[in-house]
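Subject: Structure for your files

Hello,

Here is the structure I said I would pass on.

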Amino acid sequence: MAADDESTSGPAAPQANALPPTWSVRTPPRWLPRALLYVALAAAGLITAFWMLAKMQGLLTVLMVSLFLAFAIEPAVNWLAARGVRRGAGTGLVFGVLLVVMVAFVWTLGALLVSQVTMLVKNAPDYIQDVVDWINSTFHQDLSGDDLTKYASEWSSTIEGYLVGLAGNVWGIGTVAIGAIFQMLGVLLFTFYFAADGPRFRTWVCSLLPPKQQKHVLRAWDIAVEKTGGYIYSRALLALCSAVAHYVALRVLDVPSAFALALWVGVVSQFIPTVGTYLAGALPVLVALVHDPISALWILLFIVAYQQFENYVLQPRITATTLDMHPAVAFGAVIAGAALLGPTGALLAIPVTATIQGFAGAYVRRYEVAEEAESPPKKKRRERKRPAAESPSE
């Protein structure tokens, strides 16, 4: 019995004394190194992409501006192409007309600036004496022209110091000017190619997409061309109306350089968002103020009255078929565009917003707002007439 007990208890003793392991070493899964490699490659790719976008910001801005300028002139190019003119020649013709208009605008304003500065310098002594007389009569002072001459000499020396410092940075100014010229030439070149090869470029873009998506891209492209071209042409028509009206008013009030001032008011008030109206109206008022303060007051009143007439009569009729946008939406779009791309974004904000609005109107489904159901009027209870009691004979 003892042997049997030993035989049974002997092998079981080591199993009872053995302790379970407190930890075990696990090998990592096979997919983990590959996943870490993919994450590292994705992070490196994102960093490289953002670095390249930051370096190519100027080129991307040029391409964006060129594309929307091509959208703006494409209706005119299509109109010429439909009448047998080749797209390249038609695009060159449109460019030539725009170049003539821009040169005439700059030349006219340059002549206005030279004439006004020349007149200001010529009549400066009389203006100084008038200012002295006004100060003496208003504030009961005893100034003379010599005092203002002394002050003018001090101011001229200060201005001369600023000009000397500015002249020391001629290299930097020249570099900026050359860069701006090259950017302008790049915009013109890309705009010409986008407009001249518009159908071919559109076909190439759509060839990269599946057939189901090509329809949406073509629809968005047509909307962008329609809205951008409509914006430019409606603004040009409003600028023409404004220039004609202000020219007549300036000629009636005998303000010098009436044509140049009217052209300035028409172009600047329509093509510079938000602040264009104030910049456009300030120059005629200042020019009229130099010659006759009463005329300046009448010009100011006419500008205010015409602005109201344009906002409530002309603009709704002209933009009803081209660009119908709420003023608050346009103002917010200009602020957002200026915050993103500066002056370029402010100029492109309204056409881009109009394109997005047109695309949304074409694809977003809207429903009529159901009016609150009115409770039916309570009907008065009508007492049922009881039938007359039957006679006992019946």
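The helices α10 and α11 pack at an angle of about 150°, and their axes are 7 Å apart. Axes here are lines fitted to C-alpha atoms, for helices over the stretch in contact, and angles run from 0 to 180 degrees between N-to-C directions. Helices are DSSP runs (H or I, at least four residues), numbered from the N terminus. The crossing of α10 with α11 is right-handed (the near helix is turned clockwise from the far one by less than a right angle). On the α10 side the contact (heavy atoms within 4.5 Å) includes Tyr231, Ile232, Arg235, Ser242, His246 and Arg251, while α11 contributes residues including Phe259, Val265, Ser269, Gln270 and Phe271. By class, this contact of α10 with α11 has 16 nonpolar, five polar and two charged residues. For the classes, Ala, Val, Leu, Ile, Met, Phe, Trp, Tyr, Cys and Pro count as nonpolar, Asp, Glu, Lys and Arg as charged, and the others, Gly among them, as polar.

On provenance, this is a predicted model, in which local features need pLDDT of at least 70 and side-chain atom pairs count only at pLDDT 80 or more, while totals for chains, interfaces and linings use all residues. Residues are numbered from 1 along each chain as its sequence is written, and side-chain values use heavy atoms, with hydrogens and water left out.

α10 also packs against α9, at an angle of about 145° with the axes 10 Å apart. That crossing is right-handed too. Phe201, Arg202, Val205, Cys206 and Ser207 of α9 meet Gln214, Val217, Leu218, Trp221 and Asp222 of α10. The α9 and α10 contact has six nonpolar, two polar and two charged residues.

On a 1 Å grid over the protein atoms alone, a cavity is a set of points where a 1.4 Å probe fits but cannot get out; a pocket is an open set with protein on both sides within 12 Å along at least five of seven lines; and lining residues have an atom within 4 Å of a point. Grid points are joined across faces, edges and corners, and a volume is the space filled by probe spheres set on the points.

The largest pocket holds about 2100 Å³. It is lined by 50 residues, of which Leu69, Leu98, Met102, Ile232 and Phe271 are the closest to its centre. Two or more lining residues come from each of α4, α5 (87–122), α8 (170–196), α10, α11 and α15 (343–363). α5 gives the most, with eleven residues. The lining of this pocket divides into 43 nonpolar, seven polar and no charged residues.

There are two cavities of 30 Å³ or more. The largest cavity has about 70 Å³ of space, and its lining includes Ser242, His246, Val265, Ser269 and Gln270. α10 (211–252), α11 (258–271), α12 (276–291) and α13 (293–318) each supply at least two residues of that lining, with the largest share, four residues, from α13. Its classes are four nonpolar, seven polar and one charged.

The second largest cavity has about 30 Å³. Leu67, Ala70, Phe71, Glu74, Phe194, Gly198, Phe201 and Trp221 line it. α4 (57–81) and α9 (198–207) are the elements that give two or more residues to this lining, and α4 has the largest share, with four. This second lining has six nonpolar, one polar and one charged residues.

Last, the aromatic rings. The whole structure has eleven aromatic pairs (rings of Phe, Tyr and Trp, its six-membered ring, with centres within 6.5 Å). Ring pairs link Phe68, Phe71, Phe190, Phe194, Phe201, Trp204 and Trp221 into a cluster.

Regards

Key. Rings of Phe, Tyr and Trp (its six-membered ring) pair if their centres lie within 6.5 Å; planes under 30 degrees apart count as stacked, over 60 as edge-to-face and the rest as tilted.
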